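Please read the following report alongside the sequence and the coordinates.

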Amino acid sequence: MAQGKVDALLGIVFGDEGKGKVVDYFTPQYDVVARFAGGPNAGHTIIFEGKKFVLRSIPSGIFDEGKVNIIGNGCVVAPDLFMAEAKELEAAGYNITDRLLVSRRAHLILPTHRLLDRAYEAAKGKDKVGTTGKGIGPTYSDKAARIGLRIGDLEEKDFLARYERLKARHLQILSDLNFTDFSLEEDERNWLAGAEYLRKFQLCDTEVEINRRLLEGQNVLAEGAQGTLLDIDHGTYPFVSSSSTTVGGVCTGLGVAPTTINRVFGIFKAYSTRVGAGPFPVELFDETGDKLREIGHEYGAVTGRNRRCGWVDLVALKYTIMVNGITDLVLMKSDVLDTFETIKVCVAYEKEGRRTETMPYDTEGWQAVYEEISGWQTPLTEIRNEEDFPEAFKAYIAYLEEKLSTRISIVSVSPDREATIVRS
């Protein structure tokens, strides 16, 4: 029997690219769908049959009843938020307890982690990172400091004692920061109820389970969270997430070998968006930026915050394609540009007389250099076949492929599952 393979689907800009929809579309081709990084700061929106779901911790393959879904060891889990998400799916008629495996090695987000998130942001003043406030950073900090609680600790008899010790440590830090304007009682009650609820799921050594299935010839789709430019190592530090969002995170976050990685799909929009603070050379502060936001409904799935909008950034894309070894590109939300007569594409950055076409270490203060191409000014939303694309849109795709030296294998022209076109 041939060894199974792992394909990875990664956001390759600042997240919010539409990963949930594409994972949902891909799921029938795989046996397992696994999340390898992040937590409830990720909002993966899926729309089908007139229904809309926003998944934050649960993998986006959960709607296919024949597939196994895994929350890997690289993830962080808030039991109360997980419980709310899972119960919403159960209320919609999806029985997920038999199909969802949760890694014992994944770390737990405590209520006090969320308080620390708020306290650290407040202490930064004007240098705020713009976190989602979900406690992600402090949880990964505790993981790195080797003091965190993990899913497997839920199975231990002294779990509550372990919880109280870590909570006391957090409360001392909050006191030292003079951050006292909070009430913990209700959050803690919901959190402990969520912890009890989480125990009914299959808590296991998911790295062993995934590798067993690979040996049996099963194929795995690794679902990324956030985007490469939010990666803790390769993103626009310090305005990044706290986990590895690149293809390297697939190996560390699921416990699979690099030799199991097959195709790496890089997903990006036909324009650019970013949530929160940090450098964004292509950001538009004019009517065009507002138009992109309104047509594209660019508001955070988790936070509801306005997304910053701009033209597509080839400097960023070339960099993220390089560090991930992207084999296939997935172009999302092309239909948002339907009404534009001219479309701009960032091909370089300039600052103080210097010009670069590669991602600079210091990403602050750079200005985008653009090339212009003709828009297609034709509605794409109802198109389902590549041959029906308007010629100007075909030219846009060809232009991107040439500049990025990577094939665009899939094009999405609306939020619906059916509006996903695999190119021949």
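How are α3 and α4 oriented to each other?

## The helix pair

This is a predicted model, in which local features need pLDDT of at least 70 and side-chain atom pairs count only at pLDDT 80 or more, while totals for chains, interfaces and linings use all residues. Residues are numbered from 1 along each chain as its sequence is written, and side-chain values use heavy atoms, with hydrogens and water left out.

The axes of α3 (residues 111–124) and α4 (residues 136–144) come within 7 Å and cross at roughly 110°; the two helices are therefore roughly perpendicular to each other, a term that covers 65 to 115 degrees. Contact, meaning heavy atoms within 4.5 Å, is made by H113, L116, D117 and Y120 of α3 and by I136, P138, T139 and D142 of α4.

## The sheet

An open sheet of ten strands with mixed pairing has the order β9-β7-β5-β2-β10-β1-β11-β14-β18-β19, where strands are DSSP runs (E, at least two residues) and helices are runs of H or I with at least four. Two strands pair if DSSP finds at least two bridges between them. The edge strands, β9 (202–204) and β19 (420–422), each pair on one side only.

Within this order, β2 (residues 32–35) and β5 (residues 68–71) pair in the parallel sense over four bridges, and V32 has V68 in β5 as its bridge partner.

## The helix across the strands

Helix α7 (residues 206–215) lies across β1 (6–11), β2, β5, β7 (100–103), β9 and β10 (220–223), and runs at about 130° to β7. Such angles run from 0 to 180 degrees between N-to-C directions, with axes fitted to C-alpha atoms, for helices over the stretch in contact.

Conventions:
Angles under 35 degrees count as roughly parallel, over 145 as roughly antiparallel, 65 to 115 as roughly perpendicular and the rest as oblique.
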